[in-house]
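Hi there,

Here is the structure I promised to pass on to you. Please open it beside this email and follow along as you read.

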Amino acid sequence: REQSIFENARVVFTMSSHVSRSVENDYGIDRSRIHCARIGSNVAVPPATSLSDERYHAKRILFVGVHWERKGGPQLVAAFKQVLRQHPDAHLTIIGCSPTVDVPNCTVLGKLPLDEIGKHYRSATVFCMPTRNEPFGVVFLEAFAHRLPIVSTDLGALPDLIQNGVSGYRVPPDDINELAARIVELISSPGKCKEFGEAGFQHMQTHYTWDSTGV
């Protein structure tokens, strides 16, 4: 049925380049009929004046995700244990799910109303969700809207979203040591956190708004 839908469509709009490649390679659709339109974010972009640079000094790592295992939560906790060896004052906040986590300096908040999540983005230093299987990842756009650097994995749409070494880092899935090293690198450098966060914000504003998608 999917094959028939794609074959009969005049244009196939996709959200990311890896889906565009799938439509071409897996379904045999001519590339000229595939358009990567991306998507926009529904989160309100906070004014820059509401975001203090002090948060880049706070060493606060934020995870927002409902599916703990699929989103790489256990891998993040394992990496965070390594982070604490170098930065015992670092802190991890988990939102969206309620796993049992036995690690110091970790706050599990579970599911929160959408209007309460913003304050955690505004106080975070780094956003980290080392997902192991990701259709897209709108949450990364939310992090960029709050000018946060991102550490995640190198799969799915993430190469489109995260410019490696510019707005964040993409590491191989399940590579705990590399994940910890990148987190340590960022929380050790407030200046780099700000630089990466600004780059991610500009990338989002240029490529991931509903206005740009509609055009």
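Predicted model: local features only at pLDDT ≥ 70, side-chain atom pairs only at ≥ 80, totals over all residues.

**The sheet**

Strands count as paired if DSSP finds at least two bridges between them.

Residues are numbered from 1 along each chain as its sequence is written, and side-chain values use heavy atoms, with hydrogens and water left out.

Back to the sheet. In general, strands of a sheet pair through backbone hydrogen bonds, either parallel or antiparallel. In this model, 6 strands make an open sheet with parallel pairing, in the order β5-β4-β3-β6-β7-β8. Which strands stand at the edges? They are β5 (106-110) and β8 (168-171); each has a single partner strand, so one side of each has no neighbour in the sheet. From one strand to the next, the twist averages 20°. Helix α4 packs on this sheet and touches β3, β4, β5 and β6 (126-128), with its direction at about 145° to that of β3. Contact means heavy atoms within 4.5 Å. Axes are lines fitted to C-alpha atoms, for helices over the stretch in contact, and angles run from 0 to 180 degrees between N-to-C directions.

Next, have a look at α5. Of its 8 residues, 6 are buried, so this helix is largely enclosed by the rest of the structure. Buried means under 20% relative accessible area, exposed means over 50%, and partly exposed is in between (1.4 Å probe, protein chains only). The buried residues of α5 are V139, F140, L141, A143, F144 and A145. They pack against β3, α4, β6, β7 (150-153), α6 (158-161) and α8 (190-207). R147 follows α5 and has a positive phi, near 60°.

**Some residues in loops**

E134 is in the loop between β6 and α5. Is E134 buried or exposed? E134 counts as buried, at 7% relative accessibility. Leaving aside neighbours within four places in sequence, E134 is in contact with R70, K71, M129, L155 and G156.

The loop between β2 (34-36) and β3 holds S41. S41 is buried too, with a relative accessible area of 15%. Not counting residues up to four places away in sequence, S41 touches L141, E142, Y208 and W210. R38 also lies in the loop between β2 and β3. R38 is partly exposed, with a relative accessible area of 30%, and its phi is near 60°, a positive value in a residue other than glycine.

**Pockets and cavities**

Grid points are joined across faces, edges and corners, and a volume is the space filled by probe spheres set on the points.

The largest pocket holds about 530 Å³ of space. Its lining has 23 residues, and V64, L114, I117, V139 and E142 lie nearest its centre. Both α4 (114-123) and α5 (138-145) supply at least two residues of that lining, and α4 gives the most, with 7 residues.

By this rule there is 1 cavity of 30 Å³ or more. Among the residues that line the largest cavity are Q75, P130, T153 and D174. D174 is in the loop between β8 and α7 (176-187) and is partly exposed, with a relative accessible area of 40%.

Happy exploring!

How values were computed. 1 Å grid on protein atoms, 1.4 Å probe; cavity = no way out; pocket = protein on both sides within 12 Å on 5 of 7 lines; lining within 4 Å. Helix = DSSP H or I, 4+ residues; strand = E, 2+ residues; numbered from the N terminus.
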